[in-house]
Amino acid sequence: WEFNGSFYQPSAFLMMGIPGLEALHHWISIPFCALYLVALLGNCLILFIIKKTQSLHEPMYYFLSMLAVTDLGLVLCTLPTTLGLFWFNMRRIGFNACLTQMYFIHILSFIESSVLLAMAFDRFIAISHPLRHPSILTKTTVLKIGLAILLRGMVSLLPIPFLLKRLTYCGKIELSHSFCFHPDIMKLACADIKVNVFYGMIILLSTAGMDFIFIVLSYILILKTVVSLATKEECLKALNTCVSHICAVLVFFIPMIGLSMIHRFGKNVPPLINTLVAYTYLIIPPALNPIIYSIKSSHIREALLRALRRKKD
């Protein structure tokens, strides 16, 4: 503990694995390793295919590249502490290291939310204004959107580590997960955390909350456009281009909303449920997104098959 008058700050926190199953951590690490491996290889493969395939150099796949980079970032943020705990029982994480990990986890989560919104906008323009799509979403425009998404996440979350550093901590230093999460850390403080709660809620609603609302509005407009199409075949073809994105949105937002609700209102929720929802939120989307897009996108699938044939030859 660091002491400065009446101000107390822990030098480190203790991370938790899966409550009640500590003796099985080595076995539990096997599916986690598999998910991390799928996420790393899958997203790297998506990036490689998009870079090497000239026909995929268009807005939809540029945004998919941003999603893959974000997913890789999320995996690399949680992998060291999660596997370190499961394999070697390394529970200790320094106070500043914990705040750094928390900052990047939250930034990458909000960036993923914003990228999914950008992808919804891309689908809306492609379906509602197909002839104007190339002129509206140029490479420069996509780059500007990417930079705006990055700056939005970085600036909006910048005060969070400083709001946590100003608090006095006492008593418990055990986190609920094998990674650092803002609501989890602030609950360990024995000071007034109203500012942290209020700011965290405002940022969540103004970023991920607004992103989700605009994604829903985008699909309402897409459905209105699709319904007006002349033939059933055109309607199905237009909707088919959105299936993979809808799956990615559901895989990301459902666990995110669940985890936020548990941390804020789920005082009586069993710790095991809290832990499973947290892991689902941070590990499942990076592993599933490349699989979803590889299965549903014929362009990526064909590019992947061509790459495999070249290697065989």
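**Terms and their grounds**

Reader: Why is F13 called buried?

Author: The relative accessible area of F13 is 0%. Buried means under 20%, exposed over 50% and partly exposed in between, with a 1.4 Å probe and protein chains only, so F13 is buried. The model is predicted: local features need pLDDT of at least 70, side-chain atom pairs count only at pLDDT 80 or more, and totals for chains, interfaces and linings use all residues. Residues are numbered from 1 along each chain as its sequence is written, and side-chain values use heavy atoms, with hydrogens and water left out.

Reader: Is F95 buried or exposed?

Author: F95 has a relative accessible area of 3%, so F95 is buried.

Reader: How many aromatic pairs does the structure hold, and what makes the one between F13 and F95 tilted?

Author: There are 12 aromatic pairs in the structure. The rings of F13 and F95 lie 5.6 Å apart, centre to centre, with 45° between their planes. Rings of Phe, Tyr and Trp (its six-membered ring) pair if their centres lie within 6.5 Å; planes under 30 degrees apart are stacked, over 60 edge-to-face, and the rest tilted. The pair of F13 and F95 therefore counts as tilted.

Reader: How do you know that this pair links distant parts of the chain?

Author: F13 belongs to strand β3 (residues 12-14) and F95 to helix α3 (residues 95-128), and 82 residues separate them. Helices (H or I, at least four residues) and strands (E, at least two) are DSSP runs, numbered from the N terminus.

Reader: What makes the pair of W87 and F88 edge-to-face?

Author: Their planes stand at 80°, with 6.1 Å from centre to centre. W87, at 39% relative accessible area, is therefore partly exposed, whereas F88, at 59%, is exposed.

Reader: Which residues do ring pairs link into a cluster?

Author: F32, F86, F179 and Y279 are linked in this way.

Reader: What makes up the nonpolar patch on the surface?

Author: M210, F212, I213, F214, V216, L217, I220, I257, M261 and F265 form it, with about 880 Å² of accessible area together. Two or more of these residues come from each of α8 (194-227) and α10 (243-265), and α8 gives the most, with seven. Patch residues have over 30% relative accessible area and no salt bridge, with nonpolar side chains (Val, Leu, Ile, Met, Phe, Trp, Tyr) joined within 5 Å and like charges within 9 Å. A salt bridge is a side-chain nitrogen of Lys or Arg within 4 Å of a carboxyl oxygen of Asp or Glu. Areas come from the Shrake-Rupley method with a 1.4 Å probe, and for residues only the protein chains shown count as cover.

Reader: Why is V216 called partly exposed?

Author: V216, in helix α8, has a relative accessible area of 36%, so V216 is partly exposed.

Reader: What does F253 touch, and is F253 buried or exposed?

Author: F253, found in helix α10, is at 2% relative accessibility and so counts as buried. Not counting residues up to four places away in sequence, F253 touches S113, L116, A208, F212 and I215, where contact means heavy atoms within 4.5 Å.

Reader: Which spans does UniProt annotate as "transmembrane region"?

Author: According to the unreviewed entry, the spans include residues 100-121 and 272-292. UniProt positions follow the numbering used here, feature names are shortened, and annotations may be inferred rather than shown by experiment. Residues 100-121 are 100% helix and 0% strand, with end C-alpha atoms 32 Å apart. Residues 272-292 are also 100% helix and 0% strand, and their end C-alpha atoms lie 28 Å apart.
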